[in-house]
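The following exercises are to be worked through with the sequence and the model at hand. Each task is followed by a stepwise solution.

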Amino acid sequence: MILKDFDLREIAYSGQCFRFTENPDSSFTFVVGDKIYTMKQEGDDVSGFSSDLSHYFDLETDYGNIKKKLSEDPVLSDAIRSCPGMRILNQDFFETLISFIISQNNNIPRIKGLIKKISEKYGKEIENGIYSFPDPVTLSRCKAEELMELKLGYRAEYIAETAKRYVELGYHLEEDPKKKFLEDAEKSGITPVEHLMSFKGVGPKVANCVALFGLHLVDAFPIDVWVKRVMNRLYGIPENNRREMEKFAEENFSPYSGIAQQYLFFHIRNMEEIS
């Protein structure tokens, strides 16, 4: 299938998803829900692409127009050239919530390894030793002590409590839990990020990551060490001034702050590798 503004490698290594493998032949295998997809890209041609994945890879969104708008900022124009095929995935809300709790103070290989362990222990085998991510009810029944055995450390308690609350709020019963979650936030008079922070162990960074990568709120602006670095180096904002970064993003990148963040994330990492 011919796909524009799309790059499997950039998407896989963008830090928004953890259930993928790069194979020796440069193909990529993604676990999405209870299905496994293996694809290989050469130019704009992506072999093995299934129409089932159109929503997951956000094909309904015109990233060409978004890039055109964001490129009015000369810094972002350069950043976009670092990863022109990046897209924000439409991921499962619960899986993303738990995955980013696991991501705290962790590197990518370890995050992937822990998610693999929790899936093998509490998920269902799809095929060939690959397991689905555990469902909310199963995880809600786990005690923190059980999860500690998987080397999750202090995150074990956060996962156990978050899964339990997710089920208590009834999101597991919804056909579209994202919609219900956003409705609940609005009814409570709080933002989705604030609602996410009401879950145990979810701070501002994790909440913004889940808002962007799990709720597909593309104006969310996660700030990690890389984003602090790029906002300091290229926009002159002190690395410890999170509020100023958020304000700058809202004033200059909205309504695509989260997409801009991803371009900047790639850009600073490429700059670091070059230097």
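C17 is buried, with a relative accessible area of 4%; buried means under 20% relative accessible area, exposed over 50%, and partly exposed in between (1.4 Å probe, protein chains only). The model is predicted: local features need pLDDT of at least 70, side-chain atom pairs count only at pLDDT 80 or more, and totals for chains, interfaces and linings use all residues. Residues are numbered from 1 along each chain as its sequence is written, and side-chain values use heavy atoms, with hydrogens and water left out.

**Exercise 1. State the strand order of the open sheet and the direction of its pairing.**

Step 1. Strands (E, at least two residues) and helices (H or I, at least four) are DSSP runs, numbered from the N terminus; two strands pair if DSSP finds at least two bridges between them.
Step 2. The order is β1-β2-β3-β4, with antiparallel pairing.
Step 3. β1 (20–22) and β4 (45–47) are the edge strands, each pairing on one side only.
Step 4. Three bridges join β3 (residues 35–42) to β4; Q41 has V46 of β4 as its bridge partner.

**Exercise 2. Describe the setting of T162 within its helix and identify its contacts.**

Step 1. T162 belongs to helix α8 (residues 155–168).
Step 2. The expected span of a helix is 1.5 Å times one less than its number of residues; for the 14 residues of α8 this gives 20 Å, which agrees with the 20 Å between its end C-alpha atoms.
Step 3. The relative accessible area of T162 is 0%, so T162 counts as buried.
Step 4. Contact means heavy atoms within 4.5 Å. Leaving aside neighbours within four places in sequence, T162 touches L97, I98, I101, F199 and K200.
Step 5. A polar atom of the T162 side chain lies 3.1 Å from the backbone oxygen of K200.
Step 6. Other buried residues of α8 include A156, I159 and Y166; the cover over the buried residues of this helix includes α4 (93–102) and α9 (177–188).
Step 7. Just after α8, G170 adopts a positive phi of about 80°.

Conventions: A polar contact is a pair of N or O atoms within 3.5 Å; within protein, one must be able to donate a hydrogen and the other to accept it, and residues adjacent in sequence count only if both atoms are side-chain atoms.
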